[in-house]
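Subject: Structure handover

Hello,

Here is the structure we spoke about. My notes on it follow below.

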Amino acid sequence: MHAGTDLRTRGGESSAARVVRGPAALLAALGVVAGTAFVPAARLAAQVPAPQAVLGFRVGADSSLASWRQIDDYLGRLAAASPRVRLDTVGATTQGRPYLLVTISDPANLARRVELMAAQRRLADPRTLDADAEARLVASQPAVILISCSIHSTEIAASQMALELAWRLATDSALGVALRDVVVLLVPSANPDGIDIVGDWYRRTRGTAYDGSSPPWLWHPYVGHDDNRDWFMLTQVETRLLTRVLYTQWFPEVVYDVHQMGGNGSRLFLPPFDDPVDPNLDGMLVEAINHVGTAMATAVTDAGYTGVEHRARFDLWWHGGNRSVPARHNMVGILSEAASARIASPAQLRPSEVRQPARGVNFPVPWAGGWWRLRDIVDYELEASLGLVRLAAHERAEFVRRFVRLGRRAVEAGRAEAPRAYLIRPGQRDEGARAQLANLLLATGIEIFRAKAAFTDGGRPFPAGTLVIPLDQPFRAHVKDLFDLQAYPERRQYPGGPLIPPYDVTGWTLPLTMAVAVDSARGAVSADLERVDTVAVTPGRIAGAGDVVLLANRSNGEATAVWRALAAGASAEFAPAPFEAGGRSWPAGTVVVRGGRTALDRAAVALGFEGTAVTRLPTSPGTPAVRRVPRVGLYRSWNASMDEGWTRWVLERLGVPYTSVADSAMRAGGLRARYDVVILPSEGAAQIRSGRAAGSLPPEYTGGLGPAGVEGLRAFLREGGTVVALDQASVFAVEDLGAPATVALGGRAARGAGDAARFSAPGSIFAVRVDRASPLASGMDSVAAIFLEASPVLDAAAGAHAVVTFPATGNPLLSGFVQGGELLAGKAALVEGSVGRGTAILFGFSPQHRAQTTGTFKLLTNAILVGAARAAQAGGPQPSAPRH
């Protein structure tokens, strides 16, 4: 950065932004006069550095990748040199890198940036516009488009393309004219950490036998590929940063999410998307998506590129992605998927190796095959992006007018159709989950009100403090889609033929997955309401004197409190039977914490739960107890398991300490001396057993557990340890560890005929029965909702206990899709039983799926505590283990 032009201030996730702009003297030298937007094109191009001049290689050159530091440096230089470019750091990533937002437009537009943002907010909410104000904005407001690059970091080309795109927009005279009518918000990567995670691995293996391989760890620190599944749950800092840009600051008309796909098919996908279409998406928006995607594809083809495809498997059903959540906010959500190279290394495909569709209306110009390079991807993505800019400039008024109309239609639908509002009462089983649900809606632009006094609706009483979410608001589709029960249509390749698998999950109803009770109102709600901008839990307390604290364990906050108490020297146990204490009755499964009163008092206030303290409570003979912080090992394979990353994230948020355990530690044995509980995240049995294939990565990252690691886990069980297997890992536990169950249906590797062939549950929510007599079910209701995604359906073996089961009759589907739902009748979803002196706890689902299923987090934390208590009761080696 040149002296005197670096105005940057690095910061965390806050409203303060790092800004890089050229000094006034530079602008004057370039011919920018106050109040005008004239910059001589030749003079501007001469002053603005091209990417190659800064990087030392052409963008997209074989085997060459810009690091995040280089990307940041180049964009800073560009912003310092060009009056069309502004660079902001909107916050810090998980690993502390700057999260960048580049704003590119005519200098006159940048000079009134704050005014434009305020106008976009008004356009997004047509209730604030009268006819004259709308007409003025339609006549004058530039269209705003956001281009988000490389959220999936192995799909790295777009992060490199962003540099050339920014440079072209900053220097091209014709594009300069277009930028009078367009503001481009460019996110060079929605996952900056991953750019370096992948880039560092690529540079390490470039030119070796492993050139072009993916790294053996996640390319987001926690969630890997699932960072593009977080856009309504907002668990990750990167998601929250861009969400604020989208729904608090800029409200763009178009969001373009730039991706890559497999390398041997079509060269580029652009909308129209495939069926089905989510019922909450306005048909006008669907037509706009089709129009914009087709226009971008035309631009690519007009530039001489081939192999562009429409209506591939990417659909308009799924909610939760970087283009699908904006679509529920009346924004044209565009996805492109370019064929991949080998990271940055070229690939050659003979015509016989290309698996592209036959020529037709959705694939009019096939690709001939040949070499495919990183630069090819850059070229396709660059032409698609420039095509979008030109289209938005040409149709500026139509983009703005449509955005207003879509918002107005949403408001009108909310006034005319039921439900008219959602109501969320206080006093939920988990007030923390209620607050979390409300706050993630607020963060995505949803209006929420709180009742100042008790009221009735439809003859039902509601207390003061009830949250009211009216649906006559512009982003109605977003909240309605999150609260609706999904009914994914059955789609087959031909009548009576195989199912067409969905693109992603088919059901995501948040009140079910978060176990938050929500009521709906068929008419307008009449109550004394106040608008809220945040929702906090009401501070709780531990009532009574004494150092024995009784917890109903209904909330995740209580689970966190137990771990804090254990860290303070307390012990904990689950009551084996109902009892009387503190003037009330307590059920089996009540958590009894002995000691740690100060930690529990503080947690109750902060996390919003109630407890009761007594001076004395006898211990039932033989009750297993946890008398120190459990030693938890979390298996971390070299398969880059997203479920492992999500499990780490959930454990850390709940305050559960753990140690990551690699294949080598499993093979070394002696696990019982270091751990009480070992958790196996969801991976297929073959993946756990065999890992990455020999020769695909350096030897230290291949081979999985191998025979020695499997034997190490068997010995751990024989010596009294507990294995907690999540979802697909339960198949491994059954097949390789002798866990007392059989796999009746499902599982990702399931094959066969009969019932197995007739069953499919591709990401859906189901009703289950919970045996509350088991300590594993502590704090749960007798009926619950769980999430299955091609999960194994279990039968408990003799001597094992099915703690969670599907209803004995009927189809238990609540939201999503299932084929053969009746086959689930009476089957098990959570089984525990003995293996040697140890315990195996098998989940036939992911209780922490994508951190969305907060209603079943408790089953996981219970399993860890129960497993640790049983391990302590079984005895065995007990030295301490290091903490993560």
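pLDDT is the predictor's confidence in each residue, on a scale from 0 to 100. This is a predicted model, and the protein has an average pLDDT of 94. A score of at least 70 is reached by 93% of the residues.

One residue I looked at is His478, which lies in helix H17, residues 476-483. Is His478 buried or exposed? Its relative accessibility is 0%, and the cut-off for buried is under 20%, so His478 counts as buried. Leaving out residues up to four places away in sequence, His478 touches Phe232, His319, Val325, Arg328, His329, Thr444 and Ile446.

I also looked at a helix pair. Helix H12 (residues 283-302) packs with helix H14 (residues 374-394) at an angle of about 125°, and their axes are 8 Å apart. H12 is therefore oblique to H14. The crossing of the two helices, H12 and H14, is right-handed.

Which residues meet where H12 and H14 pack? From H12 they are His291, Val292, Ala295, Met296, Ala299 and Val300. From H14 they are Tyr380, Glu383, Ala384, Gly387, Leu388 and Leu391. Sorted by class, this contact of H12 with H14 has nine nonpolar, two polar and one charged residues.

Regards

Notes
Residues are numbered from 1 along each chain as its sequence is written. This is a predicted model: local features need pLDDT of at least 70, side-chain atom pairs count only at pLDDT 80 or more; totals for chains, interfaces and linings use all residues. Side-chain values use heavy atoms; hydrogens and water are left out. Helices (H or I, at least four residues) and strands (E, at least two) are DSSP runs, numbered from the N terminus. Buried means under 20% relative accessible area, exposed over 50%, partly exposed in between (1.4 Å probe, protein chains only). Contact means heavy atoms within 4.5 Å. Axes are lines fitted to C-alpha atoms, for helices over the stretch in contact, and angles run from 0 to 180 degrees between N-to-C directions. Angles under 35 degrees count as roughly parallel, over 145 as roughly antiparallel, 65 to 115 as roughly perpendicular and the rest as oblique. A crossing is left-handed if the near helix is turned anticlockwise from the far one by less than a right angle, and right-handed if clockwise. Ala, Val, Leu, Ile, Met, Phe, Trp, Tyr, Cys and Pro count as nonpolar, Asp, Glu, Lys and Arg as charged, and the others, Gly among them, as polar.
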